[in-house]
Structures are given as C-alpha cells and as structure tokens.
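Subject: Structure handover

Hello,

Here is the structure you asked to take over. My notes follow it.

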Amino acid sequence: MKKTITTILLMFLVSNINGQKRKQFFKSPEGVFYISSDLHIHSVFSDGSVWPTIRVDEAVRDSIDLISLTEHLEYQSHSSDIPHTNRNRSFQIAGGYVQKKPLAVVHGTEITKPMPPGHFNAIFIQDANKFFDKNKKPLNFINGIKEANNQGAFVFWNHPMWEANRSDGIAKLDPIHEEVIDKKLLHGIEVVNFDTFSEEAMQIALDNELTMMGTSDVHVLIEWDFNIEKESFHRPITFIMSKNRTIKSISDALFNGDTFIWYRDLIIGKSSNLKEVIDNNFEIVSKGYGFKGRKVEILQIELINKSVAPISLNYIGEYTFHNDYKFIELEPRSSKTIYVKTKKVEKTVNLEFEILNYVIAPKTNLKTIKTVIIE
Ligand SMILES: [Zn+2]
Ligand SMILES: [Zn+2]
C-alpha cells in the first residue's frame, strides 16, 4: 500500500514523545502511560484565531502529549483571508512544526451540523478532503461519519450539553444519535467541553459504553481561557490510559473507553478507571502508635497525594480521629498526618473513604478502602 504523507508524519511524530522530560500529572501503574491529550482545538483554518504552530507551542508549555487540530469541515471563518482548499493544511503545518518537540499531533476534524445531530470530532483521520463530495459540498452527517469510520477514526460527540443546541443545557439522545450508536459509528462523548461539565452526558456514556472525553475546544490563545500554573484553572485534559506511547496503543485505549478527565478540581471517569488512578496516587503510611510522645492506642498515619489534583476525602468508616473530622482535603502533591483512634493496638487497619472530587456517575463519587499495615 502506498504510504501517504500523513502516515509517514505520524510514525515520525510518535517517536518524538519518548524520553522527554514531561510534567507528571498523575502517577500511573507500571506498564501503563497516562497520555495527556486535548483532542478538540481550533486554528485560523476554521474559526480559531491563532496559527496552527501556536497550538503546538501551547501544548508543549502545558505538558500535553497529544493534540488534534479539529477544524470545522462546514465553515472557515477566515476563508476570505486564508482561502485554502486543502482541508489537511492545518494538520500539515502543525505536524511539520512538531519536529523534535515532545508531543504528537494527530489528524482530526469537526463534522459540524445543526442539532440534531450537532457537532462530532473524528480523530486519526487520513484525509479531511474526503469529507466533501465532487461538487466540494460537505458530506451529509451519516455519510460524513461513515467516511470517518472508513478512515479508521475515533468519533466522539462534541458538547452535547451546549446551551446553543440544548436551551436547558441537558444532554440527551435524539433518534439520529441512537442510530449511530447502534451502528457503532460513534465511540465517545464529551462530558466536559471548555467550561461545562454534563452529568447527563456522563450517564449517556455509561449507558451506551461511549468513551468519556473532556476538551478545551479552544479558539483564542489558551492562556486567555486557562492557566496551567494555576492548577485549579487548567485546560480540561483527557488522560488516555495506554499500554505504550504508540498511536496504535493510544487509539486502542480510546476505543476501549480507557480515559479519565481532569476538569477544574474534578477527576471524571468510569469507576474502574478512577479506581486505578486513586490506587496509584493516594497512599497511606503508618507511623505507628503514639501521640505527642505518649504510648497510647492512637495510630499516627500519613495521607499522601501524589497527583496534580486535590483529593477530597470523606471518611466513611467507624473510627474517629483525634484532631480531624471526617472531611479531609489533601492538596495537590502533599501529605497530611492524622491520628486514628483504633481503641486497641492493631496490626492492620482498613480505612474506607469516599473521594468527593472523583466522579464515577451522576451524583456518585468513587469509594476506596485502604489497608494500613502497622510496623
Ligand atoms: Zn463544535
Ligand atoms: Zn469545536
């Protein structure tokens, strides 16, 4: 098969995310990589206001591993000034600029229809020009989404909660959405878009086994909307839980639903995924029995948060603490000592917490049991 420029570029780019010093957002288990991604971004080649290379530089500054410039197929706001007929141009410019930078750019586009069905991103496409018919008219929705699937794309529904599409802000399925889900043409859904989070979209994801996505959908400079230094005010990031850093593995993980989203102080995802995150980022270490030098039946433990996000604990077990109430906030990358009144000296203690900022379903938080071994 003839290799297209796109595939050559991708193979080249993938090798460049290896071995570079990157900000670690969350600790992952051995043999798993949490790929930081923003797969919904615009440039001047649709209705964004920056050149594609700026998107690459912004992503490097934000320690993002993977981006896609998802230009609208149906409109180019700047076409009188930038009248380019090649719809792959934005990807080619960004991809050509990446060179040895520690991130990958994958080819994507936004299929942009009135609601219903609304807007859809197709990621890992080969050729955006094929989304047009011979009269240069964009394909209709069903043909567009089929073309995306023919190119091997991962397709997700953008901002189903957007108040311009749903005046009550409630994400819900229309028959056309049910049809593309039934036909396995749709694989994911944004539960977070820019500054909105939809619990209803989360429920749709859970009910239909769609991959949960969170994106910035940035149009202006990323710094004008978000600031990575203020970690509570960062761009939404979808972490893709991948076996390695190849595009194949990352794509497989997306199709498998192996994602979680960091949005403001929330971690959003299905429970099995968030369980892995909390198991690897929340640790409890025993410091033995005693309080202020007295040998008493009060256990000193250290709660450790290894992640970039806070961990908001609600202790739901039987014990009481000597200094603290059941609500304990662990700041990002911090630790806190607490004293547990276990009534008698134990060898192991189980502590059960609800993690109030880890959202696994609408109005539902992750629960975890930590076993503390006392030396
Ligand atoms: Zn859109
Ligand atoms: Zn968009």
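Where does S63 lie? S63 is in the loop between α2 and β2 (66-72); helices (H or I, at least four residues) and strands (E, at least two) are DSSP runs, numbered from the N terminus. S63 is not a glycine, yet its phi is positive, at about 55°. With a relative accessible area of 10%, S63 is buried (buried means under 20% relative accessible area, exposed over 50%, partly exposed in between, with a 1.4 Å probe and protein chains only).

Before the rest, two notes on conventions. This is a predicted model, in which local features need pLDDT of at least 70, side-chain atom pairs count only at pLDDT 80 or more, and totals for chains, interfaces and linings use all residues. Residues are numbered from 1 along each chain as its sequence is written, chains are lettered from A and ligands numbered from 1 in the order in which they are written, and side-chain values use heavy atoms, with hydrogens and water left out.

Backbone
K136 also has a positive phi, near 65°, in a residue other than glycine. K136 is in the loop between β4 and α4 and is exposed, at 66% relative accessible area. Two cis peptide bonds are also on my list: one joins M115 and P116, with omega about -15°, and one joins P116 and P117, with omega about 10°. P116 sits in the loop between β3 and β4 (119-123), and P117 is likewise placed in the loop between β3 and β4.

Donors are N, O and S atoms within 2.8 Å of the metal (3.2 Å for Na, K and Ca); water is not among the atoms, so sites may look incomplete. E110 coordinates both the zinc ion (ligand 1) and the zinc ion (ligand 2), which are 3.4 Å apart. E110 is in strand β3 (residues 104-112) and H159 is in the loop between β5 (154-157) and α5, 49 residues apart. E110 is buried, at 1% relative accessibility, and H159 is buried too, at 5%.

Helix packing
Helix α2 (residues 52-61) and helix α3 (residues 89-98) have axes that come within 8 Å and cross at roughly 45°. Axes are lines fitted to C-alpha atoms, for helices over the stretch in contact, and angles run from 0 to 180 degrees between N-to-C directions. The two helices, α2 and α3, are therefore oblique to each other (angles under 35 degrees count as roughly parallel, over 145 as roughly antiparallel, 65 to 115 as roughly perpendicular and the rest as oblique). P52, T53, V56 and D57 of α2 meet S90, I93, A94, Y97 and V98 of α3, where contact means heavy atoms within 4.5 Å.

D57 lies in α2 and is partly exposed, with a relative accessible area of 25%. Leaving aside residues up to four places away in sequence, D57 touches Y97 and K101.

Helix α4 (residues 141-150) packs with helix α5 (residues 175-182) at an angle of about 25°, the axes being 12 Å apart. That makes α4 roughly parallel to α5. F141, I142 and I145 of α4 make the contact with I176, E179 and V180 of α5.

Regards
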